[in-house]
Amino acid sequence: MMKRISGFFGDCAQSGKSMVKVLLQSRRCRFGKRERQGERLIIMGNGPSLADTMRCCAQQLEANALMAVNFAPNTEEFYSLRPEYLVLADPIFFAGGNDKVTLLWQNLQKRVDWPLTVFVPMANVRSVSTANSQVSVKGFNFIGAGGFGALTRRLYRSGRAMPRPRNVLIPSIMIGIRLGYKEIYLTGADHSWTRTLDVDEQNRVVTVQPHFYKDDEAESRRVASVYRDIHMHDILLSFHIAFKSYFDIERFARGEGVRVINSTPGSFIDAFERGGLPS
């Protein structure tokens, strides 16, 4: 009984906090089911396993709608696969002063010669402009919400909020659901970060998050700087939030009649059913 009472008041607090954030920060989402390409979507995360997936499953990737994330436009594979969507969520993509970010926006301007929709947080839509007529920019609400199930389902369905977006894969899946895809496959979603955690003799937490592409020295220095004042309990809490959000997504997706299938070999995500890529 005490546990139920505690849970009720916890949901009340989360619901109230979520509503305040939504009222103050959210905007109407201007994309939906009419923009989807087919019934299946393959999301290509940045994990190291994506390199093998692109080599062994090129035909499946080419036969289905694709969504890329983050620095994918700085790779040659992006231009051979020609994904329909790109999701950018990290503030680094809108802050300037980073050579890799500059190259990404230059590539979107000059190298993309097919229809591509770039999704960015709603707060950054006005700051993003492109002279490339093939590239359109749409906003999503990068706002986490929790609390009572009826409230969160309504917020998620409207696109006003999502489970706490601790990484780019979370908004990517939610965007795919809002676009109306009935089957969403995850590749490159290794999430095996705990294998690379370490603490050096100066009590600095060392975390390596490898990608399917090779990070340069400048990116390695930037990541080390970001994690300079981050401690082990901070990192493990961040992992907890991310993995819990996947269970929130799974519940919501199931209620919407959407299957989310994890097609990443060795993935640490335990919320979604496992299965291979569609033909």
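**Group meeting talk: cysteines, sheet and salt bridges**

Let's start with one residue. C57 counts as buried, at 14% relative accessibility. Buried here means under 20% relative accessible area, exposed means over 50%, and partly exposed is in between (1.4 Å probe, protein chains only).

Now the ground rules. This is a predicted model, where local features need pLDDT of at least 70, side-chain atom pairs count only at pLDDT 80 or more, and totals for chains, interfaces and linings use all residues. Residues are numbered from 1 along each chain as its sequence is written, and side-chain values use heavy atoms, with hydrogens and water left out.

Back to the cysteines. How many disulfides does the rule give? The count is zero. A disulfide would be a pair of cysteine sulfur atoms within 2.5 Å. C57 is in no disulfide, and the nearest cysteine sulfur, that of C56, is 3.1 Å away. Another cysteine, C29, is buried, at 7% relative accessibility.

Next, the whole chain. The chain has 279 residues, and 48% of them are buried. There are nine helices and 10 strands. These are DSSP runs, numbered from the N terminus: helices are H or I with at least four residues, strands are E with at least two. Take the contacts with a separation of 6 or more: 65% of them join residues 24 or more positions apart. A contact means heavy atoms within 4.5 Å.

What about the outside? The chain exposes about 14,700 Å², and carbon and sulfur atoms supply 52% of that. Accessible areas come from the Shrake-Rupley method with a 1.4 Å probe, and for residues only the protein chains shown count as cover. V20, L23 and L24 make a nonpolar surface patch of about 340 Å². Patch residues have over 30% relative accessible area and no salt bridge; like charges are joined within 9 Å, and nonpolar side chains (Val, Leu, Ile, Met, Phe, Trp, Tyr) within 5 Å. L23 sits in helix α1, residues 2-25. L23 is exposed, because its relative accessibility is 66%.

On to the sheet. Eight strands form an open sheet with parallel pairing, in the order β5-β4-β3-β2-β1-β6-β9-β10. Which strands stand at the edges? They are β5 (135-140) and β10 (273-274); each has a single partner strand, so one side of each is left without a neighbour in the sheet. Two strands pair if DSSP finds at least two bridges between them. Strands of a sheet pair through backbone hydrogen bonds, either parallel or antiparallel.

Look at β1, residues 40-44. Four of its five residues are buried, so β1 is largely enclosed by the rest of the structure. On one hand, β1 pairs with β6 in the parallel sense over five bridges. There, I42 has Y185 in β6 as its bridge partner. On the other hand, β1 runs parallel to β2 (residues 65-69), joined by four bridges. Here L41 stands opposite A65 in β2. Then follow β6 (residues 183-187) to β9 (residues 259-262): four bridges, parallel again. I184 has V260 in β9 as its bridge partner.

Last topic: charges. How many salt bridges does a search of the whole structure find? It finds 11. The rule is a side-chain nitrogen of Lys or Arg within 4 Å of a carboxyl oxygen of Asp or Glu.

One of them joins R111 and E76, with the closest N and O atoms 3.0 Å apart. R111 lies in the loop between α5 (99-110) and β4 (116-121), and E76 lies in helix α4 (residues 76-81), so the pair ties together parts that are 35 residues apart in sequence. R111 is partly exposed at 35%, while E76 is exposed at 53%.

R82 and D113 form another, again at 3.0 Å from N to O. R82 is in the loop between α4 and β3 (85-87), D113 in the loop between α5 and β4, so this pair links parts 31 residues apart in sequence. R82 is partly exposed, at 37% relative accessibility. D113 is partly exposed too, at 49%.

Now R251 and D248, with closest N and O atoms 2.4 Å apart. Both are in helix α9 (residues 232-255); they are three residues apart, which means about one helical turn separates them. R251 is partly exposed at 47%, but D248 is buried at 16%.
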